[in-house]
Amino acid sequence: MTCLTIWRGCMISGRSIFSFLLAPLAMTETLESPLALVAELTHRCPLHCVYCSNPLELTSRATELSTEEWSRVFHEASELGVLQADFTGGEPLARTDIIELVHSARAAKLYVSLISSGLPLDEGKLGRLVLAGLDHFQLSFQGARAETANEISGTNTHLAKLRVLDWLKQHRIAVTLNFVIHRKNIHELEEMLLIVEEHAPGCVEFASVQYYGYGLANREKLLPTRAQLDRCVKILTEAEQRLRGKTRVVFVVPDYYARYPKPCVGGWGRKLMLISPDGVVLPCHAASVIPRMRFENVKKRSLRGIWEDSDSFRAFRGQQWMEEPCKSCDRREVDFGGCRCQAFLLTGDRAATDPVCSLAPARGNVDRILRELEETKNRVATDSIGWVYRKNPA
Ligand code: SF4
């Protein structure tokens with residue numbers, strides 16, 4: 001299960017670097033090192049979540065990077081200045097060499113975070129992952145109730161995740177719980193908070209679905225209504241105060257209701273590199289939706305070469321590419337014009353101002369989607385058939 005918000009919002013433990021990803025930097029500065037490497041170890045996953053942000057065309061097992069190739073990548077990343085490796089997928093635990101990979105990234109002096117559904121895992125293997133150097137475990141939940149979570153993931157896995165949560169308490173590693181929220185589970189927020197209060201993780205992230213990949217395919221059924229969002233903000237504001245000092249509560253607002261876009265991945269090619277299972281290097285996980293861009297592969301070029309000098313990473317760095325209103329906007333060094341992938345998906349123009357921005361010429365495209373949602377909400381909210389479930393690669 002991939003939850004894309006990890007690259008768009010902030011999260012995690014005291015040792016996480018993601019707060020830096022959101023910090024604005026002057027556009028006149030010279031190119032710095034990336035801070036995080038997101039390693040999509042595989043697109044295989046035991047779950048079939050209807051909001052998965054993986055591309056609809058998944059990478060096959062046969063073309064995945066080998067243990068040795070990943071190991072080389074971790075060392076190149078470290079030499080380039082990367083501080084943190086986020087293992088994700090698909091499900092990173094689906095790699096049979098996952099313990100070796102954790103060990104290898106730790107040997108390269110990277111902070112290692114596992115972004116996982118918690119399956120397949122047993123107590124012994126969790127202990128071996130920690131021994132290999134795992135620093136942080138982000139465990140995802142699809143709801144508070146088994147019936148909801150199982151419908152969203154297309155599997156019967158909710159109870160197994162609760163078991164993993166119990167095991168995690170026995171280890172001295174940072175833990176984040178991740179609830180991806182949307183129209184079909186947002187009413188369970190109080191019950192999700194009960195799970196949080198019972199287990200007291202260092203951080204909990206309530207992440208709104210981002211509309212890429214399968215999330216986009218299921219958008220009509222996932223997008224919350226304005227009334228749901230208002231209720232959610234109230235509950236989470238109270239929870240944030242109640243849990244202060246125990247668990248950090250992070251809420252990532254749905255883009256479509258925001259006034260301004262988020263600084264997606266801290267700005268294109270500024271803070272993060274993502275490597276797909278077959279070695280293609282992307283500025284963000286969704287970038288492959290943008291046409292006419294050639295993304296290079298770690299099998300053919302060094303990470304440093306790609307970071308510093310590839311056409312794809314240079315395409316939207318800085319401000320040269322910006323059009324009005326971003327070009328002269330005071331916020332251009334805060335949000336960098338928003339998300340290029342979202343701009344393309346909602347307007348067909350990859351250089352457009354992100355249409356979730358209230359100043360964007362194409363904001364009407366987003367308002368129309370929200371209007372249609374309000375008109376059809378009663379019908380769609382009760383309809384539990386018709387999901388497009390995530391498939392597995394060959
Ligand atoms: Fe950000 Fe551009 Fe909107 Fe200004 S106009 S707030 S820079 S997206």
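Nine strands, in the order S7-S6-S5-S4-S3-S2-S1-S8-S9, form an open sheet with mixed pairing. This is a predicted model, in which local features need pLDDT of at least 70, side-chain atom pairs count only at pLDDT 80 or more, and totals for chains, interfaces and linings use all residues. Residues are numbered from 1 along each chain as its sequence is written.

Q: Which are the edge strands of the sheet?
A: Strands (E, at least two residues) and helices (H or I, at least four) are DSSP runs numbered from the N terminus, and two strands pair if DSSP finds at least two bridges between them. An edge strand pairs on one side only, and this holds for S7 (248–252) and S9 (281–282).

Q: How many bridges join S2 to S3, and do they run parallel or antiparallel?
A: Strand S2 covers residues 84–88 and strand S3 covers residues 111–116. Asp86 stands opposite Ser113 in S3, and the bridge partner of Phe87 in S3 is Leu114. The two strands are joined by four bridges and run parallel.

Q: How many residues of S3 are buried?
A: A residue is buried if 20 or more other C-beta atoms, placed from the backbone, lie within 10 Å of its own, exposed if 12 or fewer do, and partly exposed in between. Tyr111, Ser113 and Ile115 point one way from S3, while Val112, Leu114 and Ser116 point the other way, and all are buried. S3 is therefore mostly covered, and the count of its buried residues is six of six.

Q: Why do the buried residues of H3 line one face of the helix?
A: In helix H3 (residues 98–107), the buried residues are Ile98, Leu101, Val102, Ser104 and Ala105. Seen down the axis of H3, with directions taken from the helix axis to the C-beta atoms, these buried residues line one face because they fall within an arc of 165°.

Q: Which residue just after H14 takes a positive phi?
A: Helix H14 spans residues 340–347, and its buried residues are Arg340, Cys341, Gln342, Ala343 and Leu346. Just after H14, a positive phi of about 85° is taken by Gly348.
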